[in-house]
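I opened a new notebook page for this chain.

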Amino acid sequence: MMNLQNVYAERLQDLKKLVDPIESRYKDEEARLQAARNLSNLIKECQRATLPASERETVLAECATYDRWLREKIQVQDSQPKNIDRRSTRSTHDE
């Protein structure tokens, strides 16, 4: 009977190793999507802002830069397998 409990406990651990990264990625993805929406909304707000002509071109250029960066990061994140924990593959130099 004790041997059977050990087998079940080992199998449970194996399943947790498989499921935990997926669950973690799901939670991270929900937070990432919300952050991406927030940044996208901020970019749109800045693009529509009434600014002096001297500042408008600079602001629009910065908005375009951040919008490109956001789209690139989303594409990279979306291309990763669902069972990879993104936190362990995140670059510390990623800006």
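How many helices and strands does the secondary structure of the chain come to? I found three helices and zero strands in this predicted model. From the N terminus, I read the order as α-α-α.

Next I checked burial and contacts. Buried residues account for 13% of the 95 residues. Of the contacts between residues at least 6 apart in sequence, 66% join residues at least 24 apart. I noted an accessible surface of about 7,900 Å², with 56% of that belonging to carbon and sulfur atoms.

Then I went through the salt bridges. The count came to four. I looked at R32 with E29, where the closest N and O atoms are 3.9 Å apart. These two sit three residues apart in helix α1, so about one helical turn separates them. Both R32 and E29 are buried.

R32 also meets D78 in a salt bridge, at 3.2 Å from N to O. This pair links distant parts of the chain: R32 is in helix α1 and D78 is in helix α2 (residues 53-79), 46 residues apart. R32 counts as buried because its relative accessibility is 17%, under the 20% cut-off. D78, at 45%, counts as partly exposed. I logged E29, R32 and D78 as a network of salt bridges.

I also logged E23 with K27, at 3.7 Å between the closest N and O atoms. They are four residues apart in helix α1, so again about one helical turn separates E23 and K27. E23 is partly exposed at 40%, and K27 is exposed at 52%.

Last, the surface. L15, L18, V19 and I22 form a nonpolar patch there, with about 320 Å² of accessible area together. I22 lies in helix α1 (residues 2-48) and is partly exposed at 38%.

How values were computed. Residues numbered from 1 in each chain as written. Predicted model: local features only at pLDDT ≥ 70, side-chain atom pairs only at ≥ 80, totals over all residues. Heavy atoms only, no water. Patch = residues over 30% accessible without salt bridge, like charges linked within 9 Å, V, L, I, M, F, W, Y side chains within 5 Å. Areas by Shrake-Rupley, 256 points an atom, 1.4 Å probe, with all protein chains shown as cover. Salt bridge = Lys/Arg side-chain N within 4 Å of Asp/Glu carboxyl O. Buried < 20%, exposed > 50% of the residue type's maximum accessible area, 1.4 Å probe, protein only. Contact = heavy atoms within 4.5 Å.
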